[in-house]
Amino acid sequence: MGKLEGKVAIITGGASGIGECMVDLFAQEGAIVIAADINETALETASQKQNVYGMKLNVASDENWEALAKVVSERFGKIDILVNNAGISSEKPFEEINAQDWEKMLSINGFGPFAGMKHVTPYMAAQQKGSIVNISSYTAMIGQGFNHYSASKGAVRALSKAAATTFGRQGIRVNALFPGIIETPMTQSLSTSKELLGRLIQATPLQRLGQAMDIAKAALFLASDDSSYITGSELVIDGGYSAQ
Ligand SMILES: NC(=O)c1ccc[n+]([C@@H]2O[C@H](COP(=O)([O-])OP(=O)(O)OC[C@H]3O[C@@H](n4cnc5c(N)ncnc54)[C@H](O)[C@@H]3O)[C@@H](O)[C@H]2O)c1
């Protein structure tokens with residue numbers, strides 16, 4: 001029997017990279033998975049998989065979240081798991097970041113997880129049980145020159161603790177993951193040169209970059225009942241990079 005047999009899970013950013021890997025793993029483990037993403041074309045591929053339903057969502061929209069939570073609950077009867085994974089990144093230098101850049105970054109990476117939790121928790125509270133996994137970043141813990149991206153992930157870190165204390169008495173657990181550099185379309189789009197990646201690997205105690213599955217397996221543990229006494233926790237998955 002799979003670790004998520006009979007569970008209904010929403011995974012944002014489920015059409016690419018880490019989110020796509022989680023969608024596949026959660027479905028393999030027996031969950032009905034809603035892959036929610038703004039990229040409709042990529043969602044068509046997700047929807048062809050067994051027990052996976054692609055649904056369009058802009059995580060920065062309160063209205064989109066309200067509608068999605070309602071549709072999922074009506075169609076599948078409940079919501080057990082939410083993974084707030086969708087996000088954008090930027091390497092813009094500190095002095096070039098303007099108000100619009102800040103607002104866009106914080107609305108997708110910060111307001112997105114907040115709105116997700118706000119609209120999904122009433123359905124979880126109705127069954128006195130639920131697990132939320134928020135994807136932050138190692139850049140929320142150490143300075144890496146990612147500026148407003150780091151700030152948005154710091155918001156996810158603080159919000160996860162706040163939500164864990166707010167919703168614990170309703171049986172809802174909230175935990176956060178802190179990936180290091182993971183090989184996905186997001187990191188491929190960064191300007192990071194092969195030479196710099198080589199230096200990063202050398203500087204990482206475990207001597208490799210992360211893979212989407214490294215994050216998906218940790219998310220599976222936190223989403224499943226295997227972690228039933230864990231809430232408000234922070235799990236760093238970066239090969240030891242930020243431990244130095
Ligand atoms: N890849 C890394 O090295 C790394 C490191 C630390 C944290 N993270 C975090 O992990 C998460 C996943 O990253 P990834 O590397 O898989 O990236 P990715 O770019 O491969 O996937 C991100 C997904 O989010 C979706 N998305 C973007 N904006 C959205 C919006 N407004 N509404 C709904 N969906 C939206 C995209 O369409 C895409 O499918 C992100 O939150 C990212 O910040 C990634």
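Helix α6 contributes the most to the shell around the ligand, with three residues. The model is predicted, so local features need pLDDT of at least 70 and side-chain atom pairs count only at pLDDT 80 or more, while totals for chains, interfaces and linings use all residues. Residues are numbered from 1 along each chain as its sequence is written, and side-chain values use heavy atoms, with hydrogens and water left out. Helices (H or I, at least four residues) and strands (E, at least two) are DSSP runs, numbered from the N terminus.

Three helices, α1 (17–28), α5 (148–167) and α6 (185–188), each supply at least two residues of the shell. There are 28 residues around the ligand; a residue is near a molecule if one of its heavy atoms lies within 4 Å of it. S16, D37, N85, Y149 and T184 come nearest. By class, the shell holds 14 nonpolar, 12 polar and two charged residues. Here Ala, Val, Leu, Ile, Met, Phe, Trp, Tyr, Cys and Pro count as nonpolar, Asp, Glu, Lys and Arg as charged, and the others, Gly among them, as polar.

A polar side-chain atom of Y149 lies 2.6 Å from a ligand oxygen. For K153, a side-chain N or O atom is 2.8 Å from an oxygen atom of the ligand. G180 uses its backbone: an N or O atom there lies 3.4 Å from a ligand oxygen. Taken alone, the ligand exposes 830 Å², and the protein buries 92% of that. Accessible areas come from the Shrake-Rupley method with a 1.4 Å probe; for residues, only the protein chains shown count as cover.

The ligand sits in the largest pocket. A pocket is an open set of points on a 1 Å grid over the protein atoms alone, where a 1.4 Å probe fits, with protein on both sides within 12 Å along at least five of seven lines. A molecule sits in a pocket if more than half of its atoms lie within 2 Å of its grid points.

The loop between β5 (130–135) and α5 holds T139. T139 is buried, at 5% relative accessible area (buried means under 20%, exposed over 50%, partly exposed in between, with a 1.4 Å probe and protein chains only). Its side chain forms a polar contact of 2.8 Å with that of S137. N147 lies in the loop between β5 and α5. N147 is not a glycine, yet has a positive phi of about 50°. Its relative accessibility is 21%, so N147 counts as partly exposed.

The loop between α7 (194–202) and α8 (212–223) includes Q211. Q211 is partly exposed, with 34% relative accessibility. Q211 and I182 are 29 residues apart in sequence, but their C-alpha atoms are 5.2 Å apart. Q207 is placed in the loop between α7 and α8. Phi of Q207 is positive, near 60°, in a residue other than glycine. At 47% relative accessibility, Q207 is partly exposed.

T45 belongs to helix α2 (residues 40–47). T45 counts as partly exposed because its relative accessibility is 47%.

Terms used: Polar contact = N/O pair within 3.5 Å; in protein donor to acceptor, adjacent residues only side chain to side chain. 1 Å grid on protein atoms, 1.4 Å probe; cavity = no way out; pocket = protein on both sides within 12 Å on 5 of 7 lines; lining within 4 Å.
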